[in-house]
Structure formats: structure tokens, C-alpha cells
Amino acid sequence: MRSSSELKAYDSNSKNTAPLPNGILQCGKCWSFITTTSRVQNVYSCSNLILIGLSESVPSVCISSEKQLCVPGDQYDSLGELSVFQNVACRSCCVNLGRLYLATTPQLDLLRNIPLLHEHALQYQVEYCLK
Ligand SMILES: [Zn+2]
């Protein structure tokens with residue numbers, strides 16, 4: 001069974017299946033505001049990872065200029081050995097929140113050039129609303 005490590009994207013074409021309910025995403029360490037779910041482009045799952053793809057970079061994260069290569073044994077190497085990525089970090093506390101893949105294997109083409117946040121690195125608050 002290889003299906004568990006297969007990359008899956010939630011259906012972004014159907015407006016009936018929002019990838020996430022309305023809410024806000026916060027840094028899991030310092031609780032700084034990261035973004036609202038309205039800026040989430042899509043949610044991907046691969047192996048046991050859930051990746052939140054942003055439609056654009058947001059001011060609350062910084063993307064490292066250093067380019068890194070996934071190596072075997074990397075905790076995210078199920079996402080593709082030999083991928084090139086930059087780290088995406090919380091601007092307030094610098095904890096690593098995700099990755100921006102610059103080059104990937106063909107199976108991971110969907111993830112290329114999207115700032116991706118690792119779901120487990122975030123806090124998620126539902127139904128944030130301004131009144
Ligand atoms: Zn933080």
C-alpha cells in the first residue's frame with residue numbers, strides 16, 4: 001500500500017468544500033498571528049503531514065534566502081527526496097513553520113512555489129470574526 005504517502009489536495013474548485021473553516025492561524029510557539037484562512041490557497045495531505053498552502057507570502061512569516069536540499073532521513077523526506085526548499089519561519093520568534101519548495105519531483109509539482117505551513121506547527125482558531 002503506497003496510498004498513504006500519496007500527495008492529496010483538497011478540492012479547491014468546489015466552493016462547497018472550503019479547505020478550512022473560517023478562522024485564523026497562529027504560530028504554535030509564540031501565538032503570533034500568521035494569517036487568516038481566507039488566504040489559504042489549499043490544504044494538502046501527504047503521509048501523516050498536513051500542509052497549508054498560502055495563496056501568497058504573508059508579512060508575518062519570513063522566508064529564508066538559503067536554499068536547502070531534502071536529504072534522506074529528513075523528517076519531511078516523504079515529501080520527496082531531492083527537493084530544494086527554503087524555510088518559512090515565524091517572523092516574531094523565528095520558529096520554523098514550513099517550507100517553500102523551489103524544485104520538486106514531478107509528483108510534488110502541486111506544491112512548488114507555494115509557501116507551505118506545517119499544520120502541527122500552528123495554532124488554529126475557528127470562527128474569528130470582527131464585529
Ligand atoms: Zn512564533
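Is Cys-94 buried, exposed or partly exposed, and how many C-beta neighbours does Cys-94 have inside 10 Å? In this predicted model, Cys-94 counts as partly exposed because 14 C-beta neighbours lie inside 10 Å, whereas a buried residue needs 20 or more and an exposed one has 12 or fewer. Cys-94 is found in the loop between S8 and S9. The phi angle of Cys-94 is near 65°, a positive value in a residue other than glycine.

The protein chain as a whole contains eleven strands and zero helices. Read from the N terminus, its elements follow the order β-β-β-β-β-β-β-β-β-β-β. The chain has 131 residues, of which 24% count as buried. When contacts between residues at least 6 apart in sequence are considered, 53% join residues at least 24 apart.

Three of the strands make up an open sheet with the order S3-S2-S11 and antiparallel pairing. Its edge strands are strand S3, residues 33-36, and strand S11, residues 122-126, each of which pairs on one side only. From one strand to the next, the twist averages 25°. Strand S2, residues 23-27, is joined to S11 by five bridges, and these two strands run antiparallel. Within S11, Gln-125 is the residue that stands opposite Ile-24. S2 also pairs with S3 in the antiparallel sense, over three bridges. Here Leu-25 has Thr-35 in S3 as its bridge partner.

S2 and S3 form a hairpin with five residues between them. Trp-31 is a residue other than glycine, and its place is in the loop between S2 and S3. Trp-31 is partly exposed, because 13 other C-beta atoms lie within 10 Å, a count between the limit of 12 or fewer for exposed residues and that of 20 or more for buried ones.

Lys-29 also lies in the loop between S2 and S3. With 16 other C-beta atoms within 10 Å, Lys-29 is partly exposed. Lys-29 and Cys-93 are 64 residues apart along the chain, and their C-alpha atoms are separated by 7.7 Å. Leaving aside residues up to four places away in sequence, Lys-29 touches Cys-90, Cys-93 and Val-95.

A second hairpin is formed by S4 and S5, with two residues between the strands. In this hairpin, Ser-47 takes a positive phi near 50°. S4 and S5 pair in the antiparallel sense over six bridges. Asn-42 has Gly-53 as its bridge partner in S5.

Leu-51 has its place in strand S5. Leu-51 is buried, since 22 other C-beta atoms lie within 10 Å and the cut-off for a buried residue is 20 or more. Residues up to four places away in sequence not being counted, Leu-51 touches Tyr-44, Cys-46, Leu-116, His-118 and Glu-119. Leu-51 and Gly-98 are 47 residues apart in sequence, and the distance between them in space is 8.2 Å, C-alpha to C-alpha.

The largest nonpolar core comprises 23 residues. Those with the most contacts inside this core are Ile-52, Leu-97, Leu-116, Leu-117 and Leu-122. At least two residues of the core are supplied by each of S2, strand S4 (40-46), strand S5 (49-54), strand S8 (84-90), strand S9 (96-103) and strand S10 (115-118). S4 gives the most to this core, with four residues.

The contacts of Leu-122 can be listed in turn. Apart from residues up to four places away in sequence, Leu-122 touches Leu-25, Gln-26, Cys-27, Gly-28, Ile-34, Leu-97 and Leu-117. Among these, Leu-97 and Leu-117 are, like Leu-122, residues with the most contacts inside the largest nonpolar core.

How values were computed: Residues are numbered from 1 along each chain as its sequence is written. This is a predicted model: local features need pLDDT of at least 70, side-chain atom pairs count only at pLDDT 80 or more; totals for chains, interfaces and linings use all residues. Two residues are in contact if their C-beta atoms, placed from the backbone, lie within 7 Å. Two strands pair if DSSP finds at least two bridges between them. Axes are lines fitted to C-alpha atoms, for helices over the stretch in contact, and angles run from 0 to 180 degrees between N-to-C directions. A nonpolar core is a set of buried Ala, Val, Leu, Ile, Met, Phe, Trp, Tyr and Cys residues joined through C-beta atoms within 7 Å.
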